[in-house]
Each structure stands twice: as structure tokens, then as C-alpha cells.
Amino acid sequence: MLLFLYNLLLPLFLLVSLPFYLRRMIRRGGYARNFFQRFGFFSYRLRSELGQGEWSWVRAVSVGEVLVAIRLIEELRRQNPAFRAVISTTTSTGYQLALDRAPEGSRVIYSPIDFYPLLRPIWHLIRPQTVILIDSDLWPSFLAIAHQEKTPVFVANARLSRRSEARYLRFQRFTKPLFWDRLSAILSQDPHDAQRWTRLGLRSDQVILTGSIKYDTGDAPANFRFVDWLGNHGIGPGRPCLLGGSLHPGEEALLVQVFRNLLPKFPGLFLILVPRHFERTPDVEKILRELSVPYTRRSEPTFQKDTSVLIVDSTGELNDWYQTATVVVIGKSFTGVGGQNPVEPLLARKAVICGPHMENFKFLVEELVREKGIVQSADESGLAAAVEHLLINSKAVSELVANSDRVLAQHRGATTRAAKFILERRERT
């Protein structure tokens, strides 16, 4: 009855939302490309390929989920070279990324509208042996058909916030039969999430702790080339260094102000500014000139005795620059929205500070803050105090690094564990 009512109301919702989609297609340009795949209209060639069978259907909403899907599919193919995937995504950016980077043996389509009469023939065309949902791409009609066809459904890299848990629990009478009873396994990112999933009514053997595929980063060998480079220009490794990485407009000025405030206490402090876009270098230079702060640039290094700031006006080098820092400040987290990836400086074993806007890495940052593996500052005064504390207190730096190591350790090998579990469970189904 619930599924019937859902499909009865869905066309009305689609009709109401049609102007929104039309506006988006016009504004984005590429959004209309292969738009009608959402209704099951495929080219003759693609339809023929999809009809070959022996596919696994991997659903990923947008860019972040597509990147996770690609990593997982590559590992699934490494463990089982016969693994073939249909990747479906919702957004035009996710679709283009999937087309550009789809692993061998994969095909890319738009995720079809979750209308049972429309979805059923698409399902019969693809005939998936396995379904893998990235994060939480849960749709009632899709899951109902998978359940009817006895197709195992895995939610990989699964996340569940406290807010989502509360919402699902409030409507558990509806969510349990529509969602949770139709899932084979939840591959959870951390123990806190795993507990939330089980509180929704999933059995303990349905919830498997694998870690996050997104943060499954191997221990790459450290490259100290810029430590040596600075040393050759008179900035020795013993000198305290504050580095701002992937900075957005307004953050260079913020860090320069923090730097100037700290100079009386730390006269040897050196500042490295790495703008997200090197084309903004003239704007950063203007800030420094107006404040009479002596600086130089990576592209034209001219170090004087009083040079105290370096602008990195090059690309593709940030990971190696992290090795030079005593304290790292994450860009796009103070004046931007979303934040940049904190994993690279954490893997470099540096003390890391971020601002209040880390929405793109919300779950990881929440975990790091909870485990005291990162410092999150609300504003400029909090940033200055945090930098000062870390420059004074080497023990605090060591504790911060050790705590972040512990948080990231649970994610190492997550991709391998998830792929192994899916392949093994699929064989038993």
C-alpha cells in the first residue's frame, strides 16, 4: 500500500518540479545531454550493451559519490576482473565525471526516475546481479524491484547523521518496510554510524564496519623537497612556519593579520600562502605591499634578510609544501563555503586548523573534532589563539597528530574491505 501511494503521488510531484528542471537545464547547459535516459530512452548502441547482462548496478548521486564509486569499482575489478558495472548518477556534473573516468568494463547512464512502471523495464534490460548504493541513494520503487528480483543490495560508504537518524526513527513505520527490510548490508564508515544504523532496526549482521572509501588514503612517502628548497634560501627547518593551503579570497588577508599579530611573540615566524587559484597572486601581493610585509614568490624567489612571507604561485605542489609547515590552516573554511580536503596535511602529520565552513567534509571533521585530531576555529580571534597555542606547545601538536592518525587509521583499507565483503556476500546469495 505504501509503495502504491508513493507511485500514485510521484507523477504529481514530477509535474510540479518540471519548471525547476527546465530552468536548471537552460542555466547549466550540459544538463539536457541524454536527459531522457531518466525515462528509459537509450541509444540503440547503449541499449544493446546494457542488454548483455551480468552487470552490477552502482548508483551514485553526484561528483563526490561518483569518485567513491569509481574507486570501489576499480578495487572490485582488481579482486574480480570479470566484474562489470552500470554506473548511474543524478547530476550533470556527476554524469560527465563518470563518463570521463569510468573504469574498464563500465557503462554510464542517468539514474532513472523512481516510478515503478517506468523503472521496471529498465531493470529488466540491465538485469543487475548486484546493486551497490553509494552513501544513501535510497529510493522505494528501486528497492522494491530489487527485493522482488531477490537481488542483493549493498549501501557502500554509508553515512547516517544524528539528524537523519532522528527523522527516520520518527517515521520508522514507513521507512522500515520501504528501506531497511530490503537491504542486504550497510557498509558503515565508523562505529558511531554503525550504532545509528542498528538503532533504525537493521540487524547487527547487516551492518558491517569497513571505514570510509573517501578517506582510504595510502601512506605515500613524504617528499621533503620544499623543506630543502627553503633551507637553501635561508629558511631553516627549525624556524616556525604557518601555512595556509588552498586559500580563497579574504583568507590571505586573514592569515596575514594573524601573522602580524603573532610576530612580537614569534619574531622568527614564517608565513606561506598558497592561493587556491594562482591567478589571484597579484591580489595577494597587493595586500602584503599595503601592509609593508616583505615577501617573495615561488616562481621568482628573491629572499632578503627580512623576507617573512612566501606566496606559492604554482600548481600541483601543495601536498609537498605541507611538509614545511608547523601549523596548517585549511582554505575555503573561513571565508569560503565547503572547505578543502584536510586529509593531505593530516597525512603529512601536521597540526591542522580549519574554520567553521567544512561542509564538504562534515562527517570527517566532526569525528576529528570529537577525537581532538583537528582544531576548528569559529573566527579570526579563535584562529590566532589556536595558532599561538600550537606554536608554544609542542606537546599539543604531538597529541593532535597522534589523535588524527588514530581517526584516519580506521579508514585505511576501507576500499579493499568493502569490495571483498560485496564479492563474498554476492557469491553466497
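Trainee: Is W57 buried or exposed?
Mentor: W57 is buried, at 0% relative accessible area. Buried means under 20% relative accessible area, exposed over 50%, and partly exposed in between, with a 1.4 Å probe and protein chains only. This is a predicted model, where local features need pLDDT of at least 70, side-chain atom pairs count only at pLDDT 80 or more, and totals for chains, interfaces and linings use all residues. Residues are numbered from 1 along each chain as its sequence is written, and side-chain values use heavy atoms, leaving out hydrogens and water.

Trainee: How many aromatic pairs does the structure hold?
Mentor: There are 14 aromatic pairs. In one of them, W57 and W123 are tilted, 6.0 Å centre to centre with 35 degrees between the planes. Rings of Phe, Tyr and Trp (its six-membered ring) pair if their centres lie within 6.5 Å; planes under 30 degrees apart are stacked, over 60 edge-to-face, and the rest tilted.

Trainee: And W123, buried or exposed?
Mentor: W123 is buried, with a relative accessible area of 2%.

Trainee: What about F154 and F421?
Mentor: They form an edge-to-face pair, 6.2 Å centre to centre, with 90 degrees between the planes. F154 lies in strand β5 (residues 153-158) and F421 in helix α18 (residues 414-428), so the pair ties together parts 267 residues apart in sequence. Helices (H or I, at least four residues) and strands (E, at least two) are DSSP runs, numbered from the N terminus.

Trainee: New topic. How many helices and strands are there in the protein?
Mentor: The protein has 18 helices and 14 strands.
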